[in-house]
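Thank you all for coming; I would like to walk you slowly through one structure this morning. Please have a look at it first, and then I will begin with a term that we shall need.

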Amino acid sequence: MSDTRNVMLRRRRMEADIRIARWLASSITEPDFAYEDWQRGRPAVLRVGVRFDAVKMHPNLVHAALGVTGVTDVVDAMPVMIGGPVVAHPGPWYHALVPVGTCARWGEPYGTMLGVGGWLKVPHPSNRGTSDVHWASPVVAPGQLCDPGDVAALLRAGAGKLGDNA
């Protein structure tokens, strides 16, 4: 790949990250707080139920469903399996970002919903590493979220593989 093409791809990714960051930060009344946290290398604490709801997923269910054993493997497998943004927190807990209103309709036995009035630590869109709070599956465009049915299917698959240990 040519250097010019690499530069263009990096530039497009940076421009997309800026749009995504703006969209995420708009979930709080003072978006500058989010930008300040991200500039300092910290996750921003964002309001849930404004731009997205979140499904908190137990790591054992996620790892079993994906057939992996650790966070590093999840970063490779999650985007293929779930097709939307998932935040990984140390521990690791995973939070799938889903459309606003999912919390009110969620009827699944697996996963804990975070909706209106909740808060979630969210990394900068460019933080795709595997340490601290990072994207296990990144946001690819503002408003592009996980399908709640896919999240539920992932959790049910994990529970099925774990059997009585779920």
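By a salt bridge I mean a side-chain nitrogen of Lys or Arg that lies within 4 Å of a carboxyl oxygen of Asp or Glu. What you see is a predicted model, in which local features need pLDDT of at least 70 and side-chain atom pairs count only at pLDDT 80 or more, while totals for chains, interfaces and linings use all residues. Residues are numbered from 1 along each chain as its sequence is written, and side-chain values use heavy atoms, with hydrogens and water left out.

Let me start with the charged pairs. The structure holds five salt bridges, and one of them joins arginine 40 to glutamate 36, with the closest N and O atoms 3.5 Å apart. I will also say how accessible such residues are, where buried means under 20% relative accessible area, exposed means over 50%, and partly exposed means in between, using a 1.4 Å probe and protein chains only. Arginine 40, at 55% relative accessibility, counts as exposed, whereas glutamate 36, at 34%, counts as partly exposed.

Now please turn to helix 1, which covers residues 3-25; helices here are DSSP runs of H or I with at least four residues, strands are runs of E with at least two, and both are numbered from the N terminus. Arginine 11 and glutamate 15 meet there in a salt bridge of 3.6 Å, N to O, and because they are four residues apart in helix 1, about one helical turn separates them. Arginine 11 is exposed, with a relative accessible area of 56%, and glutamate 15 is partly exposed at 36%. Aspartate 17 and arginine 13 also lie in helix 1, four residues apart, or about one turn of the helix, and their salt bridge has its closest N and O atoms 2.8 Å apart. Aspartate 17 counts as buried at 6% relative accessibility, while arginine 13 is partly exposed at 29%.

Finally, I come to the helix pairs. Two packed helices are described by the angle between their axes and the distance between the axes. The axes are lines fitted to C-alpha atoms, for helices over the stretch in contact, and the angles run from 0 to 180 degrees between N-to-C directions. Angles under 35 degrees count as roughly parallel, over 145 as roughly antiparallel, 65 to 115 as roughly perpendicular, and the rest as oblique.

The axes of helix 1 and helix 2, residues 31-39, come within 8 Å and cross at roughly 130°, and helix 1 and helix 2 are therefore oblique to each other. Helix 3, residues 59-66, packs with helix 4 at an angle of about 65°, their axes being 10 Å apart, which makes helix 3 roughly perpendicular to helix 4.

Helix 4 covers residues 71-82 and includes valine 71, which is partly exposed at 22% relative accessibility. Valine 71 and histidine 89 are 18 residues apart in sequence, and their C-alpha atoms are 9.8 Å apart in space.
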